[in-house]
Structures are given as C-alpha cells and as structure tokens.
Amino acid sequence: MKKTNRILIGFLLLIISAGVIVYSGCSKSKCGGNTCQNGATCSGDKCVCPTGYSGSSCETGWTDNLVGTYTCKRSGCSPVVADTTEWKSVITKSVTNSGYTVSISNFDNGNITEVATIDSAGNMKITPASVGSGISANGKFVNGVITMPFAVYSAGGPISSCTLTMTKL
C-alpha cells in the first residue's frame with residue numbers, strides 16, 4: 001500500500017511538474033516574454049514598434065499622455081488680439097491613427113477642430129488641410145503643457161500669428 005501511494009504521489013508530482021513547464025512555456029510569447037501590441041513585430045526577442053507606439057510591448061501610443069481637457073490662452077499675437085479670454089479645448093485620439101495623431105477641438109477659441117501629428121519626443125505639428133489656407137503650427141508637449149506658435153493663412157498669405165498655451169486639467 002505504501003509503495004502504491006509513493007508511486008501515485010510520484011506520478012502526480014510528475015504531472016504537476018509537466019503542467020507547470022507547459023503552462024509557463026505557453027504564457028511567454030515568442031518575443032522575450034512580451035506580447036507585442038499595436039501591430040508590432042518581434043525581432044531578436046524585442047518588439048519593434050510601428051510609428052506612434054513605444055514601450056517594451058509597444059503598448060503606449062505617443063498620444064496617450066496628451067488626451068484630455070485643457071485650459072487655453074493665446075499670447076503674442078500679430079496683429080494684436082484684444083481678446084485674452086481663456087477657453088477649454090479637448091484633445092482626443094484621432095480615428096485615423098491613434099498612435100501619433102490627435103484632434104484638438106475648439107482650436108484658437110473657434111468652433112474648429114485641428115488634427116496634429118505627434119512624435120516620440122512630444123513635438124506636435126499642424127499642417128494646413130489645403131494649400132494656401134488653414135492653420136500651420138509647431139509645438140511641444142512637456143509636463144502637461146503644450147506651447148504652440150501658430151499662424152492662420154488664407155489664399156493670400158498669413159492673416160495672423162499667435163502662441164497658444166494649453167495646460168492640461
């Protein structure tokens with residue numbers, strides 16, 4: 001009876017050990033223990049992130065930190081703008097590429113939405129939608145604040161320029 005119990009216990013330990021090995025082997029991906037996300041590929045046990053994503057598993061979009069509501073104010077306008085009212089804008093991930101494109105609602109306290117591209121260093125860029133008219137801007141996101149000099153263009157050239165400061169709430 002004791003010999004049978006020992007054999008049975010030994011067999012159970014063997015099955016449990018095999019199960020642990022198989023389970024742990026399955027839980028690791030083929031990419032150094034990370035499961036690559038957002039269309040990343042695996043190379044040399046590291047996830048290679050597509051444009052717009054970073055992190056060991058490519059889990060973080062460059063835009064993730066920007067999403068939210070901001071208090072906005074313009075300054076240094078030429079020609080001078082007498083209106084110094086603060087307003088709110090909301091930044092959301094763009095539907096076209098949520099990794100490196102955002103939509104900024106109520107841009108310049110107007111009822112317009114601008115699309116900006118972001119790079120891994122927090123640099124932002126708005127390019128006019130059509131040649132010769134729209135908004136052109138280059139800015140930077142640092143510690144919850146976006147500082148973005150911008151110009152408004154029409155077909156005849158620049159109409160005005162200002163610096164927009166957006167502080168995340």
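Begin the tour by selecting Lys93, which is partly exposed, with a relative accessible area of 39% (buried means under 20% relative accessible area, exposed over 50%, partly exposed in between, with a 1.4 Å probe and protein chains only). This is a predicted model, in which local features need pLDDT of at least 70, side-chain atom pairs count only at pLDDT 80 or more, and totals for chains, interfaces and linings use all residues. Residues are numbered from 1 along each chain as its sequence is written, and side-chain values use heavy atoms, with hydrogens and water left out.

Asp64 sits in the loop between β4 (60-61) and β5 (68-78) and Lys93 in strand β6 (residues 87-93), so the bridge ties together parts 29 residues apart in sequence. Asp64 is also partly exposed, at 29% relative accessible area.

Now select Asp108 and Arg74, whose side chains meet in a salt bridge of 2.6 Å, N to O. Asp108 belongs to the loop between β7 (101-104) and β8 (114-118), while Arg74 is in strand β5, 34 residues apart. Both Asp108 and Arg74 are buried. The structure holds two salt bridges.

Finally, display the whole protein chain, which has one helix and twelve strands (DSSP runs numbered from the N terminus: helices are H or I, at least four residues, and strands are E, at least two). Of its 169 residues, 28% are buried.

Terms used. Salt bridge = Lys/Arg side-chain N within 4 Å of Asp/Glu carboxyl O.
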